[in-house]
Amino acid sequence: MEEKDGLVLGIELCENTSQVCFYNDKLNTPTAAASEDGKILIPNPIPLSECFSQDESADVLADMLAVLIECGRRSAGRTRIAGICICIEQFVTKNLEKIAAAMSRILYEKEDYEIICRAEAFAYYAYSQKKELYLTGTMLLDLGENGLCVCRLSSERKNGVDYIYETRREFNSPELIETGRGEKNLDDVSDELCNIILEMTSGIHVSSIYLTGRGFDTDKLPDNLVKAVCSRRKAFSGQNLYVKGACFCARESLNGTVFDNLILYCSERIRYGLEIDISERGHLKRFRIARAGMNWFEAERYMDFILEEERQLVFYLTDGEKVVAEKIIDISDIPFREKKLTRINVHVKYMAADRCVITVTDMGFGEFIKPSGNVFELEINDDFM
(Lines give C-alpha, C1' and ligand atoms only; values in the text may rest on other atoms or scores of the structure.)
Protein backbone atom coordinates (compact mmCIF):
# COMPACT_ATOMS: atom_id res chain seq x y z
CA MET A 1 0.00 0.00 0.00
CA GLU A 2 1.19 3.53 -0.78
CA GLU A 3 -0.26 6.57 0.93
CA LYS A 4 0.72 9.54 -1.28
CA ASP A 5 -2.51 11.60 -1.24
CA GLY A 6 -4.84 8.67 -0.75
CA LEU A 7 -7.36 8.21 2.03
CA VAL A 8 -6.50 6.14 5.10
CA LEU A 9 -9.49 4.46 6.76
CA GLY A 10 -10.07 2.57 9.99
CA ILE A 11 -13.19 0.41 10.36
CA GLU A 12 -14.55 -1.35 13.44
CA LEU A 13 -17.16 -4.05 12.90
CA CYS A 14 -19.36 -4.78 15.91
CA GLU A 15 -22.42 -6.94 16.35
CA ASN A 16 -25.15 -4.36 15.67
CA THR A 17 -23.30 -1.18 14.70
CA SER A 18 -20.04 -0.29 13.01
CA GLN A 19 -17.76 2.73 12.91
CA VAL A 20 -15.39 4.23 10.37
CA CYS A 21 -12.86 7.03 10.62
CA PHE A 22 -10.32 8.64 8.31
CA TYR A 23 -6.87 9.97 9.04
CA ASN A 24 -7.06 13.76 9.11
CA ASP A 25 -3.75 15.07 7.80
CA LYS A 26 -4.47 18.62 9.01
CA LEU A 27 -5.09 17.49 12.60
CA ASN A 28 -2.66 14.52 12.47
CA THR A 29 -5.27 12.27 14.04
CA PRO A 30 -8.16 10.00 13.03
CA THR A 31 -11.51 11.74 12.61
CA ALA A 32 -14.88 10.04 12.87
CA ALA A 33 -16.89 9.63 9.68
CA ALA A 34 -20.68 9.80 9.70
CA SER A 35 -23.46 8.23 7.68
CA GLU A 36 -25.65 10.36 5.40
CA ASP A 37 -28.05 10.94 8.29
CA GLY A 38 -25.23 12.02 10.60
CA LYS A 39 -24.78 8.82 12.62
CA ILE A 40 -21.33 7.93 13.98
CA LEU A 41 -22.51 4.49 15.13
CA ILE A 42 -23.75 3.14 11.82
CA PRO A 43 -26.39 0.36 12.16
CA ASN A 44 -25.57 -2.97 10.52
CA PRO A 45 -28.27 -4.27 8.14
CA ILE A 46 -28.14 -7.61 10.02
CA PRO A 47 -26.15 -8.70 13.09
CA LEU A 48 -22.47 -9.26 12.32
CA SER A 49 -22.62 -12.81 13.70
CA GLU A 50 -25.18 -13.67 11.00
CA CYS A 51 -22.87 -12.26 8.33
CA PHE A 52 -20.15 -14.59 9.58
CA SER A 53 -22.30 -17.68 10.05
CA GLN A 54 -24.51 -17.67 6.95
CA ASP A 55 -23.11 -18.20 3.46
CA GLU A 56 -26.06 -16.37 1.93
CA SER A 57 -25.06 -13.23 3.86
CA ALA A 58 -21.81 -12.73 1.92
CA ASP A 59 -23.35 -10.02 -0.25
CA VAL A 60 -24.74 -8.29 2.83
CA LEU A 61 -21.28 -8.09 4.41
CA ALA A 62 -19.80 -6.81 1.15
CA ASP A 63 -22.49 -4.15 0.87
CA MET A 64 -21.98 -3.18 4.51
CA LEU A 65 -18.25 -2.68 4.01
CA ALA A 66 -18.88 -0.72 0.81
CA VAL A 67 -21.23 1.61 2.71
CA LEU A 68 -18.68 2.17 5.47
CA ILE A 69 -15.92 2.93 2.96
CA GLU A 70 -18.21 5.35 1.17
CA CYS A 71 -19.01 7.07 4.49
CA GLY A 72 -15.28 7.58 4.98
CA ARG A 73 -14.89 8.98 1.47
CA ARG A 74 -17.81 11.37 1.85
CA SER A 75 -16.77 12.62 5.29
CA ALA A 76 -13.16 13.18 4.20
CA GLY A 77 -14.10 14.70 0.86
CA ARG A 78 -11.65 12.40 -0.92
CA THR A 79 -12.12 9.40 -3.16
CA ARG A 80 -8.84 7.51 -3.67
CA ILE A 81 -8.16 4.91 -0.98
CA ALA A 82 -4.55 4.39 0.12
CA GLY A 83 -5.14 1.91 2.93
CA ILE A 84 -7.85 0.30 5.04
CA CYS A 85 -7.64 -1.51 8.35
CA ILE A 86 -10.61 -3.45 9.75
CA CYS A 87 -10.88 -4.31 13.44
CA ILE A 88 -13.03 -7.19 14.71
CA GLU A 89 -13.46 -8.84 18.09
CA GLN A 90 -13.77 -12.52 17.13
CA PHE A 91 -10.46 -13.02 15.31
CA VAL A 92 -10.94 -16.52 13.92
CA THR A 93 -10.22 -17.95 10.47
CA LYS A 94 -13.89 -18.28 9.48
CA ASN A 95 -14.61 -14.61 10.16
CA LEU A 96 -11.38 -13.42 8.54
CA GLU A 97 -12.04 -15.37 5.38
CA LYS A 98 -15.59 -13.98 5.23
CA ILE A 99 -14.22 -10.44 5.37
CA ALA A 100 -11.58 -11.25 2.76
CA ALA A 101 -14.26 -12.65 0.44
CA ALA A 102 -16.46 -9.59 1.00
CA MET A 103 -13.60 -7.19 0.26
CA SER A 104 -12.84 -9.14 -2.90
CA ARG A 105 -16.46 -8.72 -3.99
CA ILE A 106 -16.07 -4.95 -3.80
CA LEU A 107 -12.76 -5.18 -5.70
CA TYR A 108 -10.20 -4.83 -2.93
CA GLU A 109 -7.20 -7.14 -3.08
CA LYS A 110 -5.58 -8.55 0.06
CA GLU A 111 -2.69 -6.09 -0.15
CA ASP A 112 -5.17 -3.17 -0.09
CA TYR A 113 -6.31 -3.76 3.48
CA GLU A 114 -5.54 -5.59 6.71
CA ILE A 115 -7.58 -7.06 9.54
CA ILE A 116 -6.62 -6.77 13.20
CA CYS A 117 -8.05 -7.71 16.58
CA ARG A 118 -8.97 -5.33 19.38
CA ALA A 119 -5.73 -5.84 21.32
CA GLU A 120 -3.76 -4.80 18.24
CA ALA A 121 -6.01 -1.76 17.70
CA PHE A 122 -5.42 -0.73 21.32
CA ALA A 123 -1.66 -1.05 20.87
CA TYR A 124 -1.66 1.06 17.72
CA TYR A 125 -3.83 3.68 19.39
CA ALA A 126 -1.89 3.82 22.65
CA TYR A 127 1.58 3.93 21.10
CA SER A 128 0.55 6.63 18.62
CA GLN A 129 -0.08 9.01 21.53
CA LYS A 130 2.44 11.17 23.37
CA LYS A 131 5.24 9.13 24.91
CA GLU A 132 4.30 10.25 28.42
CA LEU A 133 1.05 8.29 28.05
CA TYR A 134 2.76 4.91 27.56
CA LEU A 135 6.24 5.41 29.02
CA THR A 136 5.67 3.08 32.00
CA GLY A 137 2.94 1.04 30.36
CA THR A 138 -0.71 1.56 29.54
CA MET A 139 -3.90 -0.29 30.39
CA LEU A 140 -7.29 -0.82 28.76
CA LEU A 141 -10.52 -1.75 30.55
CA ASP A 142 -13.23 -2.94 28.17
CA LEU A 143 -16.57 -3.60 29.87
CA GLY A 144 -18.87 -5.40 27.46
CA GLU A 145 -21.46 -8.14 27.28
CA ASN A 146 -18.94 -10.84 28.24
CA GLY A 147 -17.70 -8.99 31.30
CA LEU A 148 -14.52 -7.00 31.82
CA CYS A 149 -11.37 -7.48 29.76
CA VAL A 150 -8.23 -5.86 31.16
CA CYS A 151 -5.29 -5.50 28.79
CA ARG A 152 -1.98 -4.07 29.95
CA LEU A 153 0.81 -3.21 27.53
CA SER A 154 4.38 -2.67 28.65
CA SER A 155 7.59 -2.21 26.69
CA GLU A 156 11.19 -3.33 27.01
CA ARG A 157 14.17 -2.19 24.96
CA LYS A 158 16.75 -4.81 23.94
CA ASN A 159 19.60 -4.28 21.48
CA GLY A 160 18.01 -1.17 20.07
CA VAL A 161 14.61 -2.80 19.49
CA ASP A 162 11.47 -2.06 21.53
CA TYR A 163 9.34 -5.05 22.48
CA ILE A 164 5.72 -4.53 23.56
CA TYR A 165 4.23 -7.26 25.72
CA GLU A 166 0.60 -7.85 26.61
CA THR A 167 -0.84 -9.00 29.93
CA ARG A 168 -4.52 -9.93 29.73
CA ARG A 169 -7.13 -10.87 32.34
CA GLU A 170 -10.83 -11.58 32.03
CA PHE A 171 -13.32 -10.86 34.82
CA ASN A 172 -16.83 -12.21 34.25
CA SER A 173 -18.86 -11.97 37.42
CA PRO A 174 -22.63 -11.88 36.79
CA GLU A 175 -22.71 -8.23 37.91
CA LEU A 176 -20.03 -7.18 35.43
CA ILE A 177 -21.71 -9.07 32.59
CA GLU A 178 -25.06 -7.44 33.38
CA THR A 179 -23.43 -4.01 33.49
CA GLY A 180 -21.66 -4.64 30.19
CA ARG A 181 -25.02 -5.52 28.66
CA GLY A 182 -26.64 -2.35 30.01
CA GLU A 183 -28.82 -4.25 32.49
CA LYS A 184 -27.14 -2.80 35.59
CA ASN A 185 -25.86 0.63 36.50
CA LEU A 186 -22.12 1.30 36.68
CA ASP A 187 -22.57 2.37 40.32
CA ASP A 188 -23.55 -1.21 41.15
CA VAL A 189 -20.11 -2.55 40.21
CA SER A 190 -17.87 0.43 40.96
CA ASP A 191 -16.42 -1.18 44.10
CA GLU A 192 -15.61 -4.38 42.17
CA LEU A 193 -14.01 -2.38 39.39
CA CYS A 194 -11.90 -0.40 41.88
CA ASN A 195 -10.64 -3.65 43.42
CA ILE A 196 -9.75 -5.01 39.97
CA ILE A 197 -7.82 -1.86 39.09
CA LEU A 198 -6.00 -2.03 42.42
CA GLU A 199 -5.11 -5.69 41.78
CA MET A 200 -3.95 -5.13 38.20
CA THR A 201 -1.76 -2.16 39.12
CA SER A 202 -0.34 -3.57 42.34
CA GLY A 203 3.42 -3.12 42.40
CA ILE A 204 3.56 -1.50 38.97
CA HIS A 205 2.90 1.92 37.51
CA VAL A 206 0.98 2.59 34.33
CA SER A 207 1.09 5.95 32.60
CA SER A 208 -2.52 5.83 31.41
CA ILE A 209 -5.77 3.90 31.61
CA TYR A 210 -8.40 3.80 28.88
CA LEU A 211 -12.05 2.86 29.47
CA THR A 212 -14.25 1.58 26.66
CA GLY A 213 -17.19 -0.75 26.08
CA ARG A 214 -20.91 -0.38 26.63
CA GLY A 215 -20.56 -0.61 30.40
CA PHE A 216 -18.47 2.58 30.45
CA ASP A 217 -20.70 4.44 28.00
CA THR A 218 -21.90 7.04 30.49
CA ASP A 219 -21.65 10.80 30.97
CA LYS A 220 -20.40 10.50 34.53
CA LEU A 221 -18.32 7.82 36.22
CA PRO A 222 -18.81 6.98 39.92
CA ASP A 223 -16.53 9.10 42.13
CA ASN A 224 -14.66 6.15 43.63
CA LEU A 225 -13.99 4.76 40.14
CA VAL A 226 -12.65 8.11 38.95
CA LYS A 227 -10.31 8.19 41.94
CA ALA A 228 -9.06 4.64 41.25
CA VAL A 229 -8.54 5.22 37.56
CA CYS A 230 -6.86 8.61 37.85
CA SER A 231 -4.48 7.78 40.71
CA ARG A 232 -1.11 9.20 39.52
CA ARG A 233 -1.91 8.63 35.85
CA LYS A 234 -3.93 9.97 32.93
CA ALA A 235 -7.31 8.43 32.17
CA PHE A 236 -9.55 8.50 29.12
CA SER A 237 -13.02 7.16 28.33
CA GLY A 238 -14.70 6.71 24.96
CA GLN A 239 -16.27 4.36 22.45
CA ASN A 240 -14.04 5.00 19.42
CA LEU A 241 -10.67 3.67 20.59
CA TYR A 242 -10.66 0.55 18.42
CA VAL A 243 -11.70 2.28 15.20
CA LYS A 244 -9.07 4.99 15.73
CA GLY A 245 -6.50 2.30 16.50
CA ALA A 246 -7.38 0.62 13.22
CA CYS A 247 -6.86 3.92 11.42
CA PHE A 248 -3.46 4.38 13.07
CA CYS A 249 -2.60 0.84 12.00
CA ALA A 250 -3.52 1.51 8.37
CA ARG A 251 -1.39 4.65 8.36
CA GLU A 252 1.50 2.86 10.05
CA SER A 253 1.46 0.23 7.31
CA LEU A 254 1.93 3.02 4.79
CA ASN A 255 4.63 5.17 6.49
CA GLY A 256 6.05 2.95 9.27
CA THR A 257 7.08 5.69 11.69
CA VAL A 258 5.89 4.56 15.13
CA PHE A 259 6.27 0.77 14.83
CA ASP A 260 9.26 0.83 12.51
CA ASN A 261 11.70 -0.47 15.14
CA LEU A 262 9.25 -2.23 17.41
CA ILE A 263 8.01 -5.80 17.85
CA LEU A 264 4.46 -6.20 19.13
CA TYR A 265 3.74 -9.33 21.17
CA CYS A 266 0.00 -9.28 21.83
CA SER A 267 -3.06 -11.32 20.91
CA GLU A 268 -3.00 -12.61 17.31
CA ARG A 269 0.72 -11.77 16.85
CA ILE A 270 3.15 -14.60 16.20
CA ARG A 271 5.75 -15.13 18.91
CA TYR A 272 8.51 -16.60 16.75
CA GLY A 273 9.72 -15.53 13.33
CA LEU A 274 10.51 -18.07 10.62
CA GLU A 275 13.64 -18.03 8.43
CA ILE A 276 15.51 -20.26 5.98
CA ASP A 277 18.99 -20.21 4.42
CA ILE A 278 19.14 -19.55 0.68
CA SER A 279 21.76 -18.83 -1.96
CA GLU A 280 21.17 -15.75 -4.09
CA ARG A 281 23.54 -15.17 -7.00
CA GLY A 282 26.16 -17.26 -5.29
CA HIS A 283 25.89 -15.53 -1.92
CA LEU A 284 24.51 -17.32 1.13
CA LYS A 285 21.91 -15.35 3.08
CA ARG A 286 19.20 -15.86 5.66
CA PHE A 287 15.75 -15.33 4.15
CA ARG A 288 12.98 -14.15 6.48
CA ILE A 289 9.65 -15.79 5.79
CA ALA A 290 7.71 -14.35 8.73
CA ARG A 291 8.73 -11.74 11.27
CA ALA A 292 8.22 -12.21 14.99
CA GLY A 293 5.38 -9.95 16.12
CA MET A 294 3.42 -9.86 12.87
CA ASN A 295 -0.27 -10.67 12.58
CA TRP A 296 -0.67 -14.40 11.90
CA PHE A 297 -3.38 -13.91 9.27
CA GLU A 298 -1.01 -11.68 7.29
CA ALA A 299 1.89 -14.16 7.50
CA GLU A 300 0.87 -16.65 4.79
CA ARG A 301 3.55 -17.07 2.12
CA TYR A 302 4.01 -19.00 -1.16
CA MET A 303 7.65 -19.26 -2.30
CA ASP A 304 9.43 -21.12 -5.08
CA PHE A 305 13.02 -22.31 -4.70
CA ILE A 306 15.47 -24.11 -7.00
CA LEU A 307 17.27 -26.99 -5.28
CA GLU A 308 20.95 -27.76 -5.80
CA GLU A 309 21.80 -30.90 -3.82
CA GLU A 310 19.70 -30.28 -0.70
CA ARG A 311 18.08 -33.36 0.82
CA GLN A 312 16.57 -31.49 3.73
CA LEU A 313 15.24 -28.02 4.50
CA VAL A 314 16.12 -26.32 7.78
CA PHE A 315 13.73 -23.71 9.16
CA TYR A 316 14.90 -21.40 11.94
CA LEU A 317 12.54 -20.01 14.58
CA THR A 318 13.65 -16.67 15.99
CA ASP A 319 12.45 -14.45 18.79
CA GLY A 320 13.53 -11.24 17.10
CA GLU A 321 17.07 -11.50 18.48
CA LYS A 322 18.34 -15.03 18.05
CA VAL A 323 17.49 -18.50 16.78
CA VAL A 324 15.59 -20.41 19.45
CA ALA A 325 14.91 -23.64 17.55
CA GLU A 326 15.46 -25.43 14.25
CA LYS A 327 12.90 -27.53 12.42
CA ILE A 328 13.87 -29.89 9.59
CA ILE A 329 11.86 -31.27 6.69
CA ASP A 330 13.38 -34.33 5.04
CA ILE A 331 12.90 -34.03 1.26
CA SER A 332 15.16 -36.93 0.25
CA ASP A 333 12.21 -38.64 -1.47
CA ILE A 334 12.41 -36.05 -4.24
CA PRO A 335 14.34 -37.69 -7.11
CA PHE A 336 17.86 -36.31 -7.46
CA ARG A 337 18.23 -34.20 -10.61
CA GLU A 338 21.41 -32.62 -11.85
CA LYS A 339 21.93 -29.06 -13.15
CA LYS A 340 19.47 -27.47 -10.72
CA LEU A 341 16.44 -28.98 -12.43
CA THR A 342 14.28 -29.24 -9.33
CA ARG A 343 11.86 -26.51 -8.30
CA ILE A 344 9.92 -26.71 -5.06
CA ASN A 345 7.07 -24.65 -3.68
CA VAL A 346 7.09 -23.81 0.02
CA HIS A 347 3.73 -22.78 1.45
CA VAL A 348 3.69 -21.36 4.99
CA LYS A 349 0.23 -20.92 6.49
CA TYR A 350 -0.49 -19.85 10.05
CA MET A 351 -3.65 -21.31 11.52
CA ALA A 352 -3.33 -19.18 14.68
CA ALA A 353 -0.68 -17.07 16.38
CA ASP A 354 0.90 -20.19 17.92
CA ARG A 355 0.51 -22.69 15.06
CA CYS A 356 1.70 -22.86 11.47
CA VAL A 357 1.90 -25.54 8.79
CA ILE A 358 4.73 -25.68 6.24
CA THR A 359 3.99 -27.60 3.03
CA VAL A 360 6.75 -28.38 0.53
CA THR A 361 5.72 -29.59 -2.95
CA ASP A 362 7.98 -30.93 -5.71
CA MET A 363 7.12 -28.88 -8.81
CA GLY A 364 9.51 -30.58 -11.23
CA PHE A 365 10.97 -28.15 -13.74
CA GLY A 366 8.53 -26.86 -16.34
CA GLU A 367 8.11 -29.06 -19.39
CA PHE A 368 11.56 -30.63 -18.93
CA ILE A 369 10.98 -32.47 -15.62
CA LYS A 370 7.59 -33.64 -14.44
CA PRO A 371 6.84 -33.29 -10.71
CA SER A 372 7.22 -36.48 -8.66
CA GLY A 373 4.04 -35.87 -6.71
CA ASN A 374 5.94 -35.72 -3.42
CA VAL A 375 4.46 -33.41 -0.79
CA PHE A 376 6.01 -32.89 2.65
CA GLU A 377 4.29 -31.26 5.60
CA LEU A 378 5.49 -29.98 8.96
CA GLU A 379 3.36 -28.49 11.71
CA ILE A 380 4.99 -26.15 14.22
CA ASN A 381 3.40 -25.14 17.51
CA ASP A 382 4.67 -22.73 20.14
CA ASP A 383 5.19 -25.65 22.54
CA PHE A 384 8.23 -26.78 20.48
CA MET A 385 10.48 -25.46 23.27
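**Exercise 1.** With which residue does D319 form a salt bridge, and how far apart are the closest N and O atoms?

*Solution.* The model is predicted, local features need pLDDT of at least 70, side-chain atom pairs count only at pLDDT 80 or more, and totals for chains, interfaces and linings use all residues. Residues are numbered from 1 along each chain as its sequence is written, and side-chain values use heavy atoms, leaving out hydrogens and water.

Step 1: apply the criterion, a side-chain nitrogen of Lys or Arg within 4 Å of a carboxyl oxygen of Asp or Glu.
Step 2: the partner of D319 is K322, with the closest N and O atoms 3.1 Å apart.
Step 3: salt bridges that share partners also join E12, E89, R118 and D142 into one network.

**Exercise 2.** Classify D319 and K322 as buried, partly exposed or exposed.

*Solution.* Step 1: buried means under 20% relative accessible area, exposed over 50%, and partly exposed in between (1.4 Å probe, protein chains only).
Step 1: D319 has 12% relative accessibility, so D319 counts as buried.
Step 2: K322, at 49%, is partly exposed.

**Exercise 3.** Describe the salt bridge between D37 and K39.

*Solution.* Step 1: their side chains meet at 4.0 Å, N to O.
Step 1: D37 is exposed, with a relative accessible area of 55%.
Step 2: K39 is partly exposed, at 40%.
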